[in-house]
Amino acid sequence: MEYHWGKHHRAYVENLNKQIVGTELDGMTLEDIIRVTYNNGDLLPPFNNAAQAWNHDFFWESIKPGGGGEPSGELLELIIRDFGSFEQFAKEFKAAAATQFGSGWAWLVYKVNRLNVGNAVNPRPSEEDKKLVVVKSPNAVNPLVWDYYPLLTIDVWEHAYYLDFQNRRPDFISTFMEKLVSWESVSSRLEAAKIQAAERE
């Protein structure tokens, strides 16, 4: 973890700062830089470093020593509502992480819009559209570009687990779910997402 944070994450931040200094992106939030440079899938040069810096911040804040287990409260209720059970959610999340080809991420997101197409003009959502879903994304792409609210992520780039697990990605995923996830952070993000979604209606 220390190598992951100190080398890979730091490099994304430093490279992004070099790319945007003196440009119109300088001074924007990371989220805004990501949305602008995603450019409807035709990525502009700063996108990868901006998205990877954001993704890693989000990843670190998704874990804690002694984490894992099951969530509680409204988060657990919504997981059961949208997946049938916590066990089914965990199965889908692990599968998304394990089957992401090459480098990328798996996510639990709060989906408010109706369409599954990134950067689409979406109709106003109904209550039925507001649900939790599992998605995966390649390379640096994250759910912000699809207008979803990220709640939890796991990094499945090889550098995230190779020093500790070699090529055993499934073992890393199981350890993440059983011993590292901070469900308190996920619950806080859900509350914030619901407030932001309501403000946009």
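Me: How many bridges join β1 to β3, and in which sense do the strands run?

Reply: β1 and β3 run antiparallel and are joined by six bridges; strands pair if DSSP finds at least two bridges between them. Strands (E, at least two residues) and helices (H or I, at least four) are DSSP runs numbered from the N terminus. The model is predicted: local features need pLDDT of at least 70, side-chain atom pairs count only at pLDDT 80 or more, and totals for chains, interfaces and linings use all residues. Residues are numbered from 1 along each chain as its sequence is written, and side-chain values use heavy atoms, without hydrogens and water.

Me: Which residues point each way from β1?

Reply: In a regular strand, side chains alternate between the two faces of the sheet. Here Gly104, Ala106, Leu108 and Tyr110 point one way, and Trp105, Trp107, Val109 and Lys111 the other.

Me: Is Leu152 buried or exposed?

Reply: Leu152 counts as buried because its relative accessibility is 0%. Leu152 lies in β3 (residues 149–155). Its contacts (heavy atoms within 4.5 Å) beyond four places in sequence include Phe89, Ala106 and Phe176. Leu152 and Ala106 are 46 residues apart in sequence, with C-alpha atoms 8.3 Å apart.

Key
Buried means under 20% relative accessible area, exposed over 50%, partly exposed in between (1.4 Å probe, protein chains only).
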